[in-house]
Amino acid sequence: MRKLLISILPAVIGVALLPGCASKSQQASTVDWDHGAKHGWVVARYAPDASGSALPPCLASLPETEYVKHRYAKLRYRQGHHTHDVVAELPPGLPLNDGQPVELWPADCAAGQLAHISRILAATAQAND
């Protein structure tokens, strides 16, 4: 009996650990990783009356009349061991607060491009990937 228990113990432990792996893969599936989306979060929102010198290049290059029509935020995401900041227009009607996790599509602000927020993620889904 003891020999049988010792031989099946690794399998029992492996099965017991599987739910932890499943929940991680379920979290990962909430973001469209395969097509370039990233799991990020809102770091700060830019004030509607911010001056051009206080704005990143992709916002400073917008005409003032265009800038004040929309809301913008600084977003952060991790890729491997690196943290990246991007700027995105906040989707109309979506209440986003600092720290709110989002699915985002990165873009290079220095090249005048804005990232895109596709949806809000559940607060518990924030990953440190």
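Three helices and five strands make up the secondary structure of the protein chain. This is a predicted model. Read from the N terminus, the elements follow the order α-β-α-α-β-β-β-β.

The protein chain has 129 residues, and 26% of them count as buried. Its accessible surface is about 8300 Å², with 59% of that belonging to carbon and sulfur atoms. Among contacts with a separation of 6 or more, 60% are between residues 24 or more positions apart.

**The disulfide**

The structure holds one disulfide. A disulfide is a covalent bond between the sulfur atoms of two cysteines. Here the partners are Cys58 and Cys109, with their sulfur atoms 2.0 Å apart. Cys58 lies in helix α2 (residues 57-60) and Cys109 in the loop between β4 and β5 (116-120), so the bond ties together parts that are 51 residues apart in sequence. The link of Cys58 and Cys109 is left-handed, with -90° about the S-S bond.

**Buried residues**

Buried means under 20% relative accessible area. The two cysteines and Glu103 count as buried because their values fall under that cut-off.

| Residue | Relative accessible area |
|---|---|
| Cys58 | 2% |
| Glu103 | 5% |
| Cys109 | 12% |

**Glu103**

Glu103 belongs to strand β4 (residues 101-105). Its side chain reaches the backbone nitrogen of Asp32 at 2.8 Å. Leaving aside residues up to four places away in sequence, Glu103 touches several others, including Thr30, Val31, Asp32, Ala37 and Lys38. Further along the sequence, the residues that Glu103 touches include His116, Ile117, Ser118, Arg119 and Leu121.

How values were computed. Residues numbered from 1 in each chain as written. Predicted model: local features only at pLDDT ≥ 70, side-chain atom pairs only at ≥ 80, totals over all residues. Heavy atoms only, no water. Helix = DSSP H or I, 4+ residues; strand = E, 2+ residues; numbered from the N terminus. Buried < 20%, exposed > 50% of the residue type's maximum accessible area, 1.4 Å probe, protein only. Contact = heavy atoms within 4.5 Å. Areas by Shrake-Rupley, 256 points an atom, 1.4 Å probe, with all protein chains shown as cover. Polar contact = N/O pair within 3.5 Å; in protein donor to acceptor, adjacent residues only side chain to side chain. Disulfide = S-S within 2.5 Å.
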